[in-house]
Amino acid sequence: MSPGIRATVKVGSPEGCPIASFSQRTGTTVDRVSTSTASEGNLSDSEGNAKSTTSTTEFLAATDEEIDDVSGPIFSYGSTNLYRHTHDDSNCPCACLGSFGCPVHRYVAEDGDLTLVFHAEHFDQLQAIMAEFRERYPDIDVQRLLQPPLQGSTEEQVFVNRGKLTDRQHEVLQAAYDAGYFERPKGANATEIAAELDISQSTFTEHLVAAQRKLFEDILETDA
């Protein structure tokens, strides 16, 4: 069985997401969410005809405000209250993920934005999901992609965007790695690798440093 891919995406103010809207209107952070979905085959109207899929989402929030389109507070748990929302054919990102059958690992709504951590079975499915997300939600940011087995804490697991590299930078970095340039002792020096690539040593160094800097920005989570 494939280990799958864990993705973290942030959707800015997604239309159709009642919990993101709730977080913005109440000034609260919602990160304790549970959703149950009824399949189309299990739903029918009074004449026995199948109805569209519906889902019920419950969440806890540190507020007691009453908001349109959301039921609650329903129960109180000390400083937090339980809210509930039932929707059909929602344009919410969670409903979109549900159509792909992807389990959601974490769900956080804050200041009207929505962050989702979910698992895709394989890269092709992840591409399909992101294509759908980009079509529906213009303001989307892929923050992290991880493929198990994973080591270290959540904070230590970062997404390295190799797409930042130009073709030439990737070629130089790959050639240096394959030649043992980063090993001790070196398997090859800059002059030898540059000659193999038919470029000058200064050009080799320039591309290598630029590639490393771009990757370090992601690893160290800093901006140049």
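Me: Why is Phe59 called buried?
Reply: Happy to explain: Phe59 has a relative accessibility of 1%, and buried means under 20% relative accessible area (over 50% is exposed, in between is partly exposed; 1.4 Å probe, protein chains only), so Phe59 counts as buried. Bear in mind that this is a predicted model, where local features need pLDDT of at least 70, side-chain atom pairs count only at pLDDT 80 or more, and totals for chains, interfaces and linings use all residues. Residues are numbered from 1 along each chain as its sequence is written, and side-chain values use heavy atoms, with hydrogens and water left out.

Me: What makes Phe59 and Tyr83 an aromatic pair, and is that pair stacked or edge-to-face?
Reply: Their ring centres lie 5.6 Å apart, with 10 degrees between the planes. Rings of Phe, Tyr and Trp (its six-membered ring) pair if their centres lie within 6.5 Å; planes under 30 degrees apart are stacked, over 60 edge-to-face and the rest tilted. The pair is therefore stacked.

Me: Why is Phe182 called partly exposed?
Reply: Its relative accessible area is 36%, so Phe182 is partly exposed. Tyr181, at 18%, is buried.

Me: How do you know that the charged end of Lys186 sits over the ring of Tyr181?
Reply: That charged end is 3.6 Å from the ring centre. The rule asks for NZ of Lys or CZ of Arg within 6 Å of the ring centre and within 35 degrees of the ring normal, and Lys186 is listed as sitting over the ring of Tyr181.
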